[in-house]
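Q: Could you walk me through this one while I have it open on my screen? I'd like to start with what the words mean and then go through it piece by piece.

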Amino acid sequence: MLAEHARQRQDELKSLNISKTTSSDARRFFVDPSAENVTHDHSARVSLAQGAAFLQFSRSLVETGRLSQRALAWALAPAESSSEYACCQFLQEAELPTARRESQRRELADAMEKIFTSSSADKSHIAWAIPTIVESFLAEANARARRRRGVYYTPPELARFVIRGVDSQLASQFQLADGLASAVGVHALACVRDENTLKRELQRRAAKRIPADAAPFVRLLDPAVGSGAFLLAAVECIGGRLAEKWERVKENKEHAARWWASQWNAQLQSKLTGFEISRLQAMMARVALAVMLEHWHYQFIDAPPCPIYVADSLAGPNSGRAPELPATVIVGNPPFAAISANRSAWIQQLLRGDDGERGDLANYYQIDGQPLGERKLWLQDDYVKFMRYAQWHIERAGRGIVALVTNHGYLDNPTFRGMRQQLLKTFPAMQIVNLHGNSRAARCGSSSERDENVFAIEQGVSVGFFSRDAGQPVARVRYGELRGARKHKLARLDSTTPDDLAARELSPKSPLYLFCPRDETADQEFRSGFSLEQVMPENVTAPVTARDHLVVAMSREELVARIEQFCDSKTSDAQIRRHFFPRPRSHKYPAGDTRGWRLADARRWLQQSEQWRRCIRPCWYRPFDQRMILWCEQMIDWPRGELINQLIKGQETDNESKHVDQAGFETLQLALIARRQIPPAHQAQFFWIVDGLTLDGVIRSDNRGSESVFPLYRCETHDGQLQRTLNFSPELLAAYAAARGRQNRTTPLENDLPLGRELLCVIYAEFFSPAYRNRFADCFRAAFPRVFPPKSAELCQTLHALGSRLIELHLLQAEQIPQLAKLAWEGPRASGPASAKTRRFPYWEAGRIALNAECSLNGVDEPTWRFGVGGHQVCRKWLKDRRGAPLGEKDRHLYRRIVASIAETLEIMPLIDAAISEHGGWPDAFQKNVAADK
């Protein structure tokens, strides 16, 4: 999807007559090829080169007559810091090799010059094209830095949509007829309840010669300017408003010119402000703004300074440039970064309700006055911090509008429920336009139409409009959404308003305060079940190694050879880093290192240890996919402690005895895997079973949250003996025992292991009920699955049998699978090792899975091929992960078993629904959680 997006961006550039340089040209422009390692000195040289080339481009604007010298000086010499202009001069005169410096300048200048010489390109088009080209250069030259800094070009259609919505709300909700161009001051607006009242107030002030308010009410701030798209759109909007009044004053040419200049000076003096932490981005935005202002005939005579400042918005009001008064209109597209690099103390305090002056502000870490109580929070994402910063301005001002383009995760993610509640308290009126576009959801969703993102990113996007006016009633939230192709979304945004798109009324309620639609009937029914998290209280998020490519392998032999190479004392740490960690994930640590792991220490431990080979054991890595892992705390970042070790203890003990219990299974330590939050547009298929050590990623393929492991037993060792108790709550065990007629009065229920195994099978069967998945699909977006004990013993018995068979199939323990007889490898290389060697393979066509051009598995229907577990299409994923590796007879027999197991699973799933329907259907066939009703 991202490659397709890149092609669309190239088409856009071509439509503007922009010639884009090649990838190698871009790398030569941005990266010093002579530097082997990226150092601070190297980064500085690259920054200097970028700045020098950009200044050369700015000069070409002047030379081609597209920008006046006065406008360029205004853009590059903000008055608040003389050192700013000195820095520009330093960039211009940077001591780089002359030939290379001139080559870099020419590359960027030549790429941009195309549009300057085009007779069809007016200054407005040039202003919008400037961020397009520079962002494209950065995207090709250093994609990692671009993602880290959030340097993504905001399409003009999206920026104009946001500004148009703000302008409309100022006119309709705040009675400011001129919208963003309004000259009404703070004190005058306090008297406004309708337009006639405003006119009378202005007349009264004029009659009594009351001076105009020093500061206008409309004070627009973009706290993360980036390319400057929102300020460009704001200038267009204000220019259009002022042009409507031009007819009244243009008869006297001299007077009209003075009026026009004074109007623009008033707008720039205190109405428009932008902060940008990147100096190069700020320079780019300033030049683009100057071009746009000249498009609107601004002369830059006695002009106030350029309102775009190099500053860190999130560092707090005392750390740099800050508005004297709080902004009343905050717009923008702040960066998305789940693990934010901006950890200033001020914004951390503000997220918890303290800005250093007041400690009673909105606290995102609380819900209904109590702590969130989450194991893992995602409130450190940059966009969340910018949202809180924008809300802080409105808290201070008392009135205003926030309009931000952000990740859409906060709309329904449970960990953001405190944030949603605080937004509801501050803003009585909200409009949410969900643009979707999650690339992983687009690959896994059931919709036939491809849902594309408006940016070249994986996370879905939304636009939120939040407004507060003194006289507004109780909170009103309206919701709308757009799906489909990027081109369609942008065209729709360019031709409509938030009022048209966000038409559905929502009523966010405790405890989740959701900002997206939810079936209230299904939600109420869902809450009547037993939460999996509560009825299996011993649970933990799945382990994360942080280096799977090093500690996980397909076979023991492969892993041993790899670790021996890793700890070879004849090889230096630097060579190991280049070999195993060629692409560093962070500039904060050397390649391979993380906050809690050091490559040198790990190598030293392995060299000194004689026991590391004993730490190699099997682990579940993907559905039906068991691999080998070096499981020791010296090599794993997040092993998740004792609970995961219990899985291993059970595995070790039972593999020795191979005891078979009353339920017919070997007594391995079984565990369910589930998620608290299924990402939007994914099907409700995030359920699986394992019987030993497992890693994060068995069902998860996205970066939203994690998956959790729910073991069947609590395991403890006493006097060398492994003792187990059931990991089920007494309430659930009692409800199930009552339905089965097996209330055990002599043995405590938690010690009735066969009963617990039955219950696990029943739960697993419920999870694979198509009706259960469809009925509660929306509920799974924000909560762990719920368990519903059957009412009748007959239904318990049927679900137990079906669930037991599913577990056998999914753990590859079934001895007989009838579907195996229908599957056969065919082709010239069907009897020898074969592999999927190119990206074209594997694929399904006409009842066969093509492994390569000479070998295929026949007898596979399309539903089996498309069967999904979590974010994985299982049949394709298993082969794709082994692409390029030869599959011997044993591997291909295993793959046949996997395909046959999936085929039988698809036959069992409707049988589960049929059994439930025979006993009353949903919800009548199941017991309710009485405690939940209370």
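A: Let me begin with burial: a residue is called buried when its relative accessible area is under 20%, exposed when it is over 50%, and partly exposed in between, using a 1.4 Å probe and protein chains only. This is a predicted model, in which local features need pLDDT of at least 70 and side-chain atom pairs count only at pLDDT 80 or more, while totals for chains, interfaces and linings use all residues. Residues are numbered from 1 along each chain as its sequence is written, and side-chain values use heavy atoms, with hydrogens and water left out.

Q: OK, what percentage of the chain's residues count as buried?

A: Of the 934 residues of the chain, 57% count as buried. The chain exposes about 40,100 Å², of which carbon and sulfur atoms supply 48%; these accessible areas come from the Shrake-Rupley method with a 1.4 Å probe, and for residues only the protein chains shown count as cover.

Q: And how many helices and strands does the chain have?

A: There are 35 helices and 28 strands, where helices (H or I, at least four residues) and strands (E, at least two) are DSSP runs numbered from the N terminus. Taking contact to mean heavy atoms within 4.5 Å, 76% of the contacts between residues at least 6 apart in sequence join residues at least 24 apart.

Q: Which residues other than glycine have a positive phi?

A: F624 is one of them, with a positive phi of about 65°, and F624 is found in the loop between strand 15 (616-622) and strand 16 (625-630). Its relative accessibility is 1%, so F624 counts as buried. Q175 is another, with a positive phi of about 55°, and it sits in the loop between helix 9 (156-172) and helix 10 (186-189).

Q: Is Q175 buried or exposed?

A: Q175 counts as buried, because its relative accessibility is 17%.

Q: Now helix packing: at what angle do helix 16 and helix 17 pack?

A: Helix 16 (residues 382-397) and helix 17 (residues 417-426) pack at about 20°, with their axes 11 Å apart; axes here are lines fitted to C-alpha atoms, for helices over the stretch in contact, and angles run from 0 to 180 degrees between N-to-C directions. Angles under 35 degrees count as roughly parallel, over 145 as roughly antiparallel, 65 to 115 as roughly perpendicular and the rest as oblique, and helix 16 and helix 17 are therefore roughly parallel to each other.

Q: Which residues meet there?

A: From helix 16 there are V384, M387, Q391, I394 and E395, and these meet M419, Q422, L423 and T426 of helix 17. By class the contact holds five nonpolar, three polar and one charged residue, with Ala, Val, Leu, Ile, Met, Phe, Trp, Tyr, Cys and Pro counted as nonpolar, Asp, Glu, Lys and Arg as charged, and the others, Gly among them, as polar.

Q: And how do helix 29 and helix 31 pack?

A: Helix 29 (residues 753-767) and helix 31 (residues 793-810) pack at an angle of about 80°, with their axes 7 Å apart, and they are therefore roughly perpendicular. Their contact has nine nonpolar, four polar and two charged residues.

Q: What do the buried residues of helix 28 pack against?

A: The buried residues of helix 28 (residues 730-740) are L732, L733, A735, Y736, A737 and A739, and their packing partners include helix 29, strand 22 and helix 31. Just after helix 28, G741 takes a positive phi of about 70°.

Q: What does K791 touch?

A: Not counting residues up to four places away in sequence, K791 touches A739, D924, A925, F926 and Q927. K791 is found in the loop between strand 22 (786-787) and helix 31, and K791 and D924, though 133 residues apart in sequence, are 8.4 Å apart in space, C-alpha to C-alpha.
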